[in-house]
Amino acid sequence: MNETIKEHSWIPLILVACASFIITLDSTFMNVSVSQIVADLNTNVSTIQLTMSFYTLITAAFMLLSAKLQDIVGKKRLFLIGAVLYGIGTMTAAISTSDTMLFIGWAVIEGIAGALMTPATVSIISGTYSGEKRTFALAIESIMVALSAAIGPIFGGIMTTFLSWRYGFACELIIVIFILLMQNKIPDFTPTESKDDLDITGTIISFIGLVLFVLGILMMSEDATISVVVIILGIIALAVFALFEIRRKRNGKVPLLDMDLFKDQNLRIGSSIIILSYIVMGGGLFAVSLFLQSVLELNAFDTGLTTLPLTFGLLIFAVVAPSLTGKWKHKTIMAVGSVIAIIGCLVLLYQFRLETTMFDLMPGLFILGSGLGFIMALSTDISLINIPDENQNNASGITTVGQTLGESMGTAIIGIILILGVMGGIIDAVDIYAPQYSENDQIHQDIYNYFQKMGNLDELKSQESIVIAAADIIVQNAMGFVMIVTTLIMGVVFALTLRLDDERIKIQ
């Protein structure tokens, strides 16, 4: 490895941080563009939700394989292969003429590319920097992920309102080209394993388990019984995967995932915190963006502008967090962040009304973003701090799976909560605002379709009482339920932070 590059240059960090930025940006910047995509591609909310969820799901499903491939083909080479593939995917998405083409370019190609690059971003940092530089670099990488998740809505809003959502993908392509042009600045890492060590069976089982699990969640609004069955099958597949990996290691073969890593308390708890915090981030942004566009009827730019305080909160507190580790433990800072995020959720809980303005939501979003900033900046570092160097690639795969799976589950779970809230509130809302249609099943279906089409059914808009009923359902039933769920999730995160062990961090 080039030692000059290794210890004296921040360029490798900049390049991998750029990759983390666009990978996460893809899962958030389209939230504010949902209504425009639905109209442009003649599709519906559920299809776009499915595409958004499958982008992060496919990334997560291939993440463990990618983490292992680093040891076989090399971190840098795998990272660059992913960058090239990502460029192809983002170009395909930019010129999409149908929801199928968008799904292939965005969810499939970019999803696989994101899986190839993401574990490498963390392991390249861990292999390039050490000591305080490593802590700082990992914090910057986490900040870039959090920042892109938060800045996505305003970026998407600008693109969609003044240009087109397609230009968002085009901007990502420019960043990919920059990474490829500067690839010589990334240090080379010698592969430590051969292709014979690749666990194909384990890869297939883990992929099936993750896909079934999240797909089951997505199916919840269509058929609850089938959904539960699919979720259970996914859990069984993941359990089989774990047992298979344990047996493979006992037989002297290299496992896709070394299950012994989960004996480390920080990695186990830290990964859980990462998943839960990204569920709140991804799902919360999806829900709020949908409310702003459906109920307040804001355009993409104003929707992004409304969520901008969350971006500022994330950025400010994520940057501050590493500097506080000299005075306080990681767990203390993250626990404080959890409490702040809970306060943000509770503030937002009482802000979703028919007469709500964009300015009413900004304080709560800032508080929520501030709390998440503390957590996201330090969660990766505390998860990996006790992991030996030889296991860093595998462990980084676990944390990055947590990030992407959290985003995918967030959009899926919160999206389903919204849909279930709408379905559950239709009868009551019609009884209140349009009692003359109480027995009219077609009106009930029209309201559901109104939600799915983001308010674009002109024939329904002519019936003012029905439109008010549809908006009231989203406010009273759906958004309230969403904020209660996110509050409970952050409560679990708070409890988990108290179980972290960071004595070794303080000693170092």
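Start by colouring the chain by pLDDT, the predictor's confidence in each residue on a scale from 0 to 100: its mean is 76, and 76% of the residues reach 70 or more. This is a predicted model, in which local features need pLDDT of at least 70 and side-chain atom pairs count only at pLDDT 80 or more, while totals for chains, interfaces and linings use all residues. Residues are numbered from 1 along each chain as its sequence is written, and side-chain values use heavy atoms, with hydrogens and water left out.

**Confidence**

Select residues 330-349, which form helix 15; confidence is highest there, at a mean of 89. Then select residues 458-461, helix 19, where confidence is lowest, at a mean of 45. Next take the stretch 1-6, where the pLDDT is below 50; beyond near neighbours in sequence, it has 15 contacts in the model, a contact being heavy atoms within 4.5 Å. Residues 504-508 also have pLDDT below 50, with ten contacts beyond near neighbours in sequence. Where pLDDT is low, the predicted coordinates should not be read in detail.

**The whole chain**

Switch to a cartoon. The chain has 21 helices and zero strands; these are DSSP runs numbered from the N terminus, with helices being H or I of at least four residues and strands E of at least two. Of the 508 residues, 61% are buried. Buried means under 20% relative accessible area, exposed over 50%, and partly exposed in between, using a 1.4 Å probe and protein chains only. Among contacts with a separation of 6 or more, 83% join residues 24 or more positions apart.

Show the surface next. The accessible area is about 19200 Å², and carbon and sulfur atoms account for 64% of it; the areas come from the Shrake-Rupley method with a 1.4 Å probe, and for residues only the protein chains shown count as cover.

**The nonpolar cores**

A nonpolar core is a set of buried Ala, Val, Leu, Ile, Met, Phe, Trp, Tyr and Cys residues joined through side-chain atoms within 4.5 Å. Select Phe79, Leu102, Phe169 and Met490: in the largest core, of 121 residues, they touch the most other members. Helix 12 gives the largest share of this core, 16 residues. Centre on Met490 and, leaving out residues up to four places away in sequence, look for its contacts, including Val280, Ala341, Leu372 and Ile375. Cys345 is another residue that Met490 touches, and Cys345 counts as buried because its relative accessibility is 0%.

A second, separate core has five residues, among them Leu65, Ile72, Leu78 and Leu116. Pick Ile72 in helix 5 (residues 63-73).

Go to Asn266, in helix 12 (residues 265-294). Asn266 is buried because its relative accessibility is 2%. Its side chain reaches the backbone oxygen of Ile382 at 3.3 Å. That is a polar contact: N or O atoms within 3.5 Å, where within protein one must be able to donate a hydrogen and the other to accept it, and residues adjacent in sequence count only if both atoms are side-chain atoms.

Finish at Thr118, in helix 7 (residues 99-128). The side chain of Thr118 reaches the backbone oxygen of Gly114 at 2.6 Å. Beyond neighbours within four places in sequence, Thr118 is in contact with Ile23, Thr59, Met63 and Thr400.
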